[in-house]
Amino acid sequence: MDLLAITGLLLSIFLTLAILSFLFDDNPIYKFAEHLFMGVGIGIGTIEIYYGVFQPKLILPLLEEHRLLSIFPLLLLVLLFAKVTRKHQDWARIPIAFIVAAFAGVKLTGEANGRLLEQVRASMPDLQQLYETSGWWDWDNGGAGVISGLVLVLGLCACLLHFYFSARHNRPMRTISRIGILTLMLSFGASFGFTVMGRISLAIGRAEALLGLDQPNTLIQLGSMEVHRMTATRWMTVGTLLLIIVSIAALRRRTAPDSSTS
Amino acid sequence: MLDLLIRFQNMDRRWVFLGMALAIVLPMLVPFSLPFKVDQRVQDLYDRVEALEAGDTVYISADFDPGSRPELEPFFRTHLHHLFRQDVRVVMGTLWATAPPLVKPILEDIAQEYGKEYGKDWTFLGYVEGKELAIKSLGQSVRKTYPLDDRGNKTADLAVMAGLDAMRDFDILTSVSAGFPGTQAFVLQIQGQYNLEMASACTAVSAPDYIPYYQSGQLFGLSGGMPGSAQYEKLVYASVPPEKRPRLPATSGMNVLSIGHLYIIILLLLGNLAFFLTRGGEEN
């Protein structure tokens, strides 16, 4: 009997429906699932960090390879915990200074390299080349072309001028500013559209799992007979859904204020 | 009519959720097929991978977790099929602590399906902590960033790593990214510095942020969310007869996605209509 497979399936169905039950209302079943996810996530993360970082980079070099330089990261680690004591908390500033300095250095070079220079260059399209490759407007290539290039340049300038506060916003500036706002709204709209698409995709993933469509042709051994995983999943989904509905109703009834005492 | 619109505006939000659930579940129970076009961003990604030769090596950074599985797993699977089909060697690592239990079995299964040998044709280096610092380190030396692979072997001793150390030694870098650290951190930290040929598969939420990287040439290809994965599936399995194709989850999800979008568009239209038509009435 595929006991492990069935237990895993039942658990995934229960946890999915428990999380989705929040859409109806906040309830203890949702809270249980939420806390379980947090706990499991932190547990997996801790184990991965131990075996991925502490063991190969600190414990093995210190205890097996006897590399004394590894004492320094250990020392910085210990100093970080000085933060919890009132008397010695200043010592924690040393490792924090290392962390801040390292990240500032990494961020600065990365931003300058990858974002500033490349993106400034890309915001000045070669219109001649655009015309040769895509013409004025290429429907098959997401609207690429000279018109898109001009919209990019003009929209970018309008956005920048919208945030330029050193000049008085007279009539021409107000018009440019409005174009800037319009460009920003279009950008936010596109981001919102993509976000909605992402959320629906996640819902599709869970719905497929609840309907057993993720593994439609798999068979599960139940004693001497074989059942389709998809059929078993659907029955389990219906059963779990009913169980959660009844449990929430019972819990709400128990916690509801007694009308006779009021 | 006005009463109906006022009632629509004050409708309990739970009816909207129920409608959404039906809009997703019903198309799944009654399958149908809607056509979709392949985006230039995905086409470029596919073309570059097609141009790889047997023996070339690709580094995949699989930075996603179960939360983004429906969007990225289809691309990840298809990409591995695409690479192994062309006898390209695969070196994979991850910067997400929750990724290994998800991505490792998929890589192992697909490598086995193509008869690929661990250590010679592919390897999984496991998880490394450090986020952007780890990426910076990968740019300089993969061997130093991952001294041991996921099975405890010395990375430098693996046959698949022969002649490879810095990220620029790899023919392509693919970032399958659900957020930070992921594509953006790779682009900012090492892509420009080492002039790497890099592609990305990202969640739909991240796609608008990464499209400028594709337009500027920092990424040679980009697959955004479930539609990107579906388009990539369409290209990779175009030459495979339908009866021999595996289940294509992103392609089948596209129809449901379209109905879900249609439902939201209808709600938006009705909501705005109700707002503008009832505004005068409520003011009176």
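Modeller: Contact here means that heavy atoms lie within 4.5 Å. This is a predicted model, in which local features need pLDDT of at least 70 and side-chain atom pairs count only at pLDDT 80 or more, while totals for chains, interfaces and linings use all residues. Side-chain values use heavy atoms, with hydrogens and water left out, residues are numbered from 1 along each chain as its sequence is written, and chains are lettered from A and ligands numbered from 1 in the order in which they are written.

Colleague: Which residues is B:Thr278 in contact with, once its neighbours within four places in sequence are left aside?

Modeller: B:Thr278, which is found in helix α11 (residues 249-283) of chain B, is then in contact with B:Leu2, B:Leu5, B:Ile6 and B:Gln9. Helices here are DSSP runs of H or I with at least four residues, strands are runs of E with at least two, and both are numbered from the N terminus.

Colleague: Why does B:Thr278 count as buried?

Modeller: Buried means under 20% relative accessible area, exposed means over 50%, and partly exposed is in between (1.4 Å probe, protein chains only). B:Thr278 has 1% relative accessibility, and therefore it counts as buried.

Colleague: What makes the pairing of the side chains of B:Thr278 and B:Gln9 a polar contact?

Modeller: A polar contact is a pair of N or O atoms within 3.5 Å; within protein, one must be able to donate a hydrogen and the other to accept it, and residues adjacent in sequence count only if both atoms are side-chain atoms. The side chains of B:Thr278 and B:Gln9 make such a contact at 2.9 Å, and a polar atom of the B:Thr278 side chain also lies 2.4 Å from the backbone oxygen of B:Ala274.

Colleague: Why does B:Thr94 count as buried?

Modeller: B:Thr94, whose place is in strand β2 (residues 89-94) of chain B, has 0% relative accessibility and therefore counts as buried. A polar atom of its side chain lies 2.7 Å from the backbone oxygen of B:Ala62.

Colleague: What makes the pair of A:Arg67 and A:Glu65 a salt bridge?

Modeller: A salt bridge needs a side-chain nitrogen of Lys or Arg within 4 Å of a carboxyl oxygen of Asp or Glu. The closest N and O atoms of A:Arg67 and A:Glu65 are 2.9 Å apart, and so the pair meets that cut-off. The structure holds 19 salt bridges over all chains.

Colleague: How do you know that the salt bridge of B:Glu132 and A:Lys107 crosses between chains?

Modeller: B:Glu132 forms a salt bridge with A:Lys107, the closest N and O atoms being 3.0 Å apart. The pair runs from B:Glu132 in helix α6 (residues 132-140) of chain B to A:Lys107 in helix α4 (residues 93-122) of chain A. B:Glu132 has a relative accessible area of 2% and so is buried, whereas A:Lys107, at 35%, is partly exposed.

Colleague: What does the pair of B:Asp87 and B:Lys116 tie together?

Modeller: B:Asp87 forms a salt bridge with B:Lys116, with the closest N and O atoms 2.5 Å apart. B:Asp87 lies in the loop between α4 (69-85) and β2 of chain B and B:Lys116 in the loop between α5 (100-113) and β3 (122-127) of chain B, so the pair ties together parts that are 29 residues apart in sequence. With a relative accessible area of 41%, B:Asp87 is partly exposed, whereas B:Lys116, with 18%, is buried.
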